[in-house]
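Work through the exercises below with the structure open beside you. Try each task before reading its solution.

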Amino acid sequence: MNTHLALASLRLTAAAVLVLILSAAGAAAAIDGITGPTFQLSASTGYVSTPDGGSYLIWGYAAEGGLAQYPGPTLIVNQGDTVRITLTNNLSVAGGGPVPNVSMFFPGQRVVVDQADRGVAGVLTSEAVPGGTVTYQFVAAHPGTYTYYSGTDTALQMEMGLFGALIVRPAAGAGYAYNHPDTAFDREYLFLLSEMDPRVHQVVETQGPGGLAATNYLADYFAVLWFINGRAAPDNMMVANHPLLPHQPYNSFPRMHPGEKLLMRVVGASRDSHPFHHHGNHARIIARDGRLLESAPGAGPDLSYEVFTIQSVPGSTHDAIFTWTGKGLNWDVYGTPDAGAQYVHDCIDNDGDDFDDTTYEYCPDHYAVCEDSNLDGHDDTTGERCKNGYTKTIPVVLPNQGDLVFGAWYSGSPYLGSLEPLPPGEGGLNPNGGFSFMWHSHTEKELTNYDIFPGGMMTMLIIEPHGVDIP
Amino acid sequence: MKRAMRTIKKNTPVLLFWALLLLPVSAWAVDLAAVAARWSPPDGSASITMWGFIQDPGSCPGTPVVWENGPVLTAEPGTTLTIRLRNCLDEAVSLIIPGQAASLAPQTFTDGQGRTRVSAFTHEAAPGAVATYTWSNLRAGTYLYQSGSHPAKQVQMGLYGALTVGGYPDVHREVLLLYSEIDPALHNPPAAATSMTYKPRYFLINGKTYAPGQPVPEVQAGNTGGTTLIRFLNAGLMSHVPVLQGPYMRVVAEDGNPYPYPREQYSLLLAAGKTRDALWTPVEPGKYALHDRSLALTSNGAPGGGMFVHLTVKFPWVMFVPAITGGTGPN
């Protein structure tokens, strides 16, 4: 009896602590999409643009009153919602032949079809006939990142663009990926990875889907275009809902401050695997297919693991938490007085976590002086390259500007939040002096737009200095 | 699933032991033959030359047999497996089981430039001859057996099958799904697949492909409330991603190695040459579609079809008792 009481009170205490921890966090919502739980979608046709000047016919899901999108609308619901999606088939076939049925398939969800609007039976799920509708319903019982796609003639309809992401927010509230404190994040970004073989789109546009039977394109598949959230680089770094890309409303341009937790929601949206490589730091994979990597229910992501390349598998999803600080670089990311008077700054650590309480600078590297008593060019203790008696500046001798080729992301200064003069016409994409890291498919040929480098499945992560507003 | 035949016969003295003393068998013997075969595509296209493993009929068949996967072999962990292989093809063949230890004797040949090169992972059966292969102390799990001779040619010609060693506790039904592909262009005459030419047109599960307009291949996958074991194997040259409709699977092993914790997923990456075991406890009866999310969902170029099966789940027998006695029963 006493034991039971003690256990019960322990559980209560644990629950109270959890609530406290959960309510302490807050997050910026950065994923564009439409919120439920009731959705009126349609499937129709449109064209995507690629940075090499290409334009390709797509079939896409559209939000109510909207255009066909590549990818379809990101559906955002809350755990426990009864999600209802009515799909109208507004497809047309320019090249000739009958208009196909269309449908939506939700892997990982227990979908029922509304018997009052059940469309017609297909092999994978119920389908909407041309001009007709079908209504799907499921309870979003588990939080996480999911995908949806056409369950009708899937090899063709997915290639044409009929896919999207589904995000189920946990009962724990905004700022958590799952119902556990170890899944808290400060910012979240969707990385929906897809690719395209233009041959298929050209046959469908000119001959209709029937023209594919004389080819083996859907089996002998050979992609030459690669996308994140439906745009190929560098288009994906433009703002969302750009008027020049009416059928590709979503961008992919992650930004964060040092010390923040960035939740990566990675969706393998089309048919090829993509090794999504994120420069800057390792990321901790906490969930796959919308299930926390835990040894027992409630344990939290105790089976999570760190990677620097997320192997994105078709149809699967991964959630990973990425963080970045200057720790481990062994030089002061904000610069030192030795680098110039403008770099003088403080590192104030009142809470004792080794980081500045505001800027998240790693204080042990702040102005630390190189002790190189044997003058071998390296610190006696850390072994890092440095100059005896000097503070921890970046441990390289910066070449003269006349000897350099500049990237558009270079601010002129190697230090976070600082700008220095550049030759006319150089730089310009990094107005806050952030650090930029390329995030991209590690299948290097996928960094192209139809064989033109750079482009494709890549974007840049910007580490912005403290104080820069990130919407 | 139309259960593949089990061809293991227990050695007679061992069988007596088993019957009389109820002790586990310690040795398993199988007689296989590598034979010419034909596979008829469901779309009515001309049949395709294949090579296959069959239970050894004692002499070589006079005409090509109907191709299917090699027989499913079963054995118990820790025992010894002996396979006697009759070669009815006109080039040397051999047998390997990746993941099971055996003493291998690689075979070499001298190429046109006088270099010694490996042609087979182990000793071979010459055309018309018989060779014996032995694996002792078998590891538990799901394995592919396949030709170890010129594998880039012989495996994609169809020389593969499944070996299961042991089982899992509390499993009511076992389902075995062996994925493979056929590129007809490499079969008439048989030719080696290369990265330049391998373009399969047929995508098979257990030797069958779904063709649009025909019934979806069906696999009996047990009863509601019982646990079903799905053994996934990929004898093809491409990776595939089975996705189960609706429920999640608990992926419990890979290449015969158990995971420390089950992985709860609705999809799994089935790389070429890999095996993975998954457990699933269905709660509702019905047909659960299993489709390949790497979109090998075509049949000879036609959209629809390919690697697509229905896993059929029924109520357990006892569930019908109330209905028989006048109750409403489940519906």
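Two strands pair if DSSP finds at least two bridges between them. Helices (H or I, at least four residues) and strands (E, at least two) are DSSP runs, numbered from the N terminus. This is a predicted model, where local features need pLDDT of at least 70, side-chain atom pairs count only at pLDDT 80 or more, and totals for chains, interfaces and linings use all residues. Residues are numbered from 1 along each chain as its sequence is written, while chains are lettered from A and ligands numbered from 1 in the order in which they are written.

**Exercise 1. A sheet in chain A**

Solution. Start with the pair. Within the pairing, A:Thr35 stands opposite A:Ile76 in E4(A). Now widen the view. Four strands of chain A make an open sheet, ordered E1-E4-E11-E10, with mixed pairing. Strand E1 (34-35) and strand E10 (144-149) of chain A are at the edges; each has a single partner strand, so one side of each lacks a neighbour in the sheet. Strands of a sheet pair through backbone hydrogen bonds, either parallel or antiparallel.

**Exercise 2. Two faces of a strand**

Task: Sort the residues of strand E20 of chain A into a covered face and an uncovered one.

Solution. Take strand E20 (residues 309-312) of chain A. A:Ile310 and A:Ser312 form the covered face. A:Thr309 and A:Gln311 form the uncovered face. In a regular strand the side chains alternate between the two faces of the sheet. Next, find the partner. Strand E16 (residues 274-278) of chain A pairs with E20(A) in the antiparallel sense, over four bridges. There, A:His277 stands opposite A:Thr309.

**Exercise 3. Buried or partly exposed?**

Task: Classify A:Thr88 and B:Pro71.

Solution. Use the rule first. A residue is buried if 20 or more other C-beta atoms lie within 10 Å of its own, exposed if 12 or fewer, and partly exposed in between; C-beta atoms are placed from the backbone.

- A:Thr88 sits in strand E5 (residues 82-89) of chain A. It has 18 C-beta neighbours inside 10 Å, so A:Thr88 is partly exposed.
- A:Thr88 and A:Val102 are 14 residues apart in sequence, and their C-alpha atoms are 8.6 Å apart.
- B:Pro71 lies in the loop between strand E4 (65-66) and strand E5 (73-75) of chain B. It has 21 other C-beta atoms within 10 Å, so B:Pro71 is buried.
- B:Pro71 and B:Ala162 are 91 residues apart in sequence, yet 7.1 Å apart from C-alpha to C-alpha.

**Exercise 4. The nonpolar core**

Task: Which residues have the most contacts inside the largest nonpolar core?

Solution. Define the core. It is a set of buried Ala, Val, Leu, Ile, Met, Phe, Trp, Tyr and Cys residues joined through C-beta atoms within 7 Å. The largest core has 188 residues. A:Leu162, A:Phe191, A:Met264, A:Ala320 and B:Ala34 have the most contacts inside it. Strand E2 (residues 27-39) of chain B gives this core its largest share, nine residues. Another core, of five residues, lies apart from it and includes A:Cys347 and A:Phe355. In soluble globular proteins, nonpolar side chains tend to be buried together.

**Exercise 5. Chain against chain, domain against domain**

Task: How many residues of chain A and of chain B are in contact?

Solution. Two residues are in contact if their C-beta atoms, placed from the backbone, lie within 7 Å. By that rule, 29 residues of chain A touch 29 residues of chain B. Helix H2 (residues 154-159) of chain A gives the most to the chain A side, with four residues. That side has 14 nonpolar, eight polar and seven charged residues. (Ala, Val, Leu, Ile, Met, Phe, Trp, Tyr, Cys and Pro count as nonpolar, Asp, Glu, Lys and Arg as charged, and the others, Gly among them, as polar.)

The contact takes 28 residues from domain 1 of chain B and 31 from domain 2 of chain B. On the domain 1 side, E10(B) supplies the largest share, five residues.
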